[in-house]
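Work through the following exercises with the structure in view, reading each task before turning to its solution.

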Amino acid sequence: MARNPDGDHEGREWGRGSNVAWSIIGTLFAGMIAWGGIGWLIDRATGSNLFLPFGILLGVGGALYVIVKRYGS
Amino acid sequence: MRVDAVTLPNVLAAQEGFHSPGIEEFEWPCIGPNFGTVFGYDVCLNKVGVFMLLAMLTIIILFYVAFRDAQIVPRGLQNAMEVGVEFVRNSIVLEVIGPKGLPYMPYLLSLFFFVFVGNLMGVIPPFLFPVNSRIAIPLFLALLSWVVFNFAGIKEQGLPGYLRSNLFPPGVPWPLYVLITPIEFVSTFLVRPFTLAVRLLANMIAGHLVLVVFFLGAAYLVQNPLTVVFGIGSFLAGVVFVVFELLVAVLQAYIFTILNAVYLAGALEPEH
């Protein structure tokens with residue numbers, strides 16, 4: 001039976017929408033924190049200030065990919 | 001005072017002394033001895049700590065009294081408690097995790113009852129303060145669940161298998177793992193306990209503030225003959241919200257427990 005870490009399971013429709021919504025927000029934050037953090041570290045190492053914003057954008061993009069992959073269709 | 005020229009905002013502005021409730025509604029002084037300070041915080045027991053211990057004691061006593069002399073055909077308290085136990089067993093553990101989850105049933109059951117009783121204290125006199133509206137308690141419960149689901153996953157799949165199933169979701173072209181894996185790591189191991197804690201915390205804070213606003217407002221508005229009607233309205237709205245908070249207390253305990261079960265299910269049975 002297909003089941004993902006955020007809890008798709010037939011017969012438990014109740015509350016599922018809320019779980020999905022929260023885990024989508026969590027994934028978006030995770031993307032920004034992960035790649036924004038990496039960008040921030042590169043900025044600190046090189047003294048530039050470009051990598052943080054690009055990291056955040058990259059993280060959001062990656063997070064959207066994960067979300068579509070997991071919850072799309 | 002000429003009533004026809006008076007509007008409600010003017011009346012309110014003319015009256016002194018209404019302080020809108022804020023975050024200070026959640027701050028309580030020490031009760032009893034103070035054991036010094038850590039990072040600028042007093043180490044002592046306050047009202048919330050006492051309530052938390054009372055919640056724990058209540059659950060221990062309820063379970064002890066209900067199952068001390070358990071009958072095959074349950075009556076009274078045993079019957080009521082069995083409804084709760086069966087709810088967690090059937091609707092949460094078996095439904096979400098399956099039979100594999102039964103070893104974690106005592107943990108999830110304690111969690112459900114602790115969160116439920118803590119939430120109920122927000123609407124039951126003489127407590128009238130939800131234990132879970134202080135970050136320390138939901139955050140600790142969430143960190144505990146973090147330890148439990150990671151332990152379960154490592155025990156079931158081994159550390160490499162557990163990390164692989166969490167960090168490398170199947171069905172992704174391999175170059176994308178460079179992008180995805182840091183996100184999955186932060187999402188599963190760092191963000192998850194916080195969203196779990198914040199969901200419960202925010203619901204209890206909001207509920208408590210709504211009740212405080214309506215009842216303080218009612219007490220204040222009935223003091224002036226011009227605003228008595230609004231005071232009564234505010235009181236009635238408060239009563240409606242008390243009923244609503246009763247529902248929220250059950251619902252949030254259920255959601256908190258079911259999310260723990262969902263994380264356990266993810267740890268015990270990887271994605272295919």
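**Exercise 1: two helices in chain B**

V88(B), I92(B), V93(B), V96(B) and I97(B) of α3(B) are in contact with T257(B), I258(B), A261(B), V262(B), L264(B), A265(B) and L268(B) of α7(B), where contact requires C-beta atoms, placed from the backbone, within 7 Å. By class, these residues are 11 nonpolar, 1 polar and no charged. The model is a predicted one, in which local features need pLDDT of at least 70 and side-chain atom pairs pLDDT 80 or more, while totals for chains, interfaces and linings use all residues. Residues are numbered from 1 along each chain as its sequence is written, and chains are lettered from A and ligands numbered from 1 in the order in which they are written.

Task: determine how α3(B) and α7(B) are oriented to each other.

Solution. Begin with the axes: those of helix α3 (residues 76-97) and helix α7 (residues 228-268) of chain B come within 8 Å and cross at roughly 30°. The two helices are therefore roughly parallel to each other, a term for angles under 35 degrees. Finally, the crossing of α3(B) and α7(B) is right-handed.

**Exercise 2: the whole chain**

Solution. Along its principal axes, the C-alpha trace of chain B spans about 80 × 60 × 45 Å.

Note on methods: Axes are lines fitted to C-alpha atoms, for helices over the stretch in contact, and angles run from 0 to 180 degrees between N-to-C directions. Helices (H or I, at least four residues) and strands (E, at least two) are DSSP runs, numbered from the N terminus. Angles under 35 degrees count as roughly parallel, over 145 as roughly antiparallel, 65 to 115 as roughly perpendicular and the rest as oblique. A crossing is left-handed if the near helix is turned anticlockwise from the far one by less than a right angle, and right-handed if clockwise. Ala, Val, Leu, Ile, Met, Phe, Trp, Tyr, Cys and Pro count as nonpolar, Asp, Glu, Lys and Arg as charged, and the others, Gly among them, as polar.
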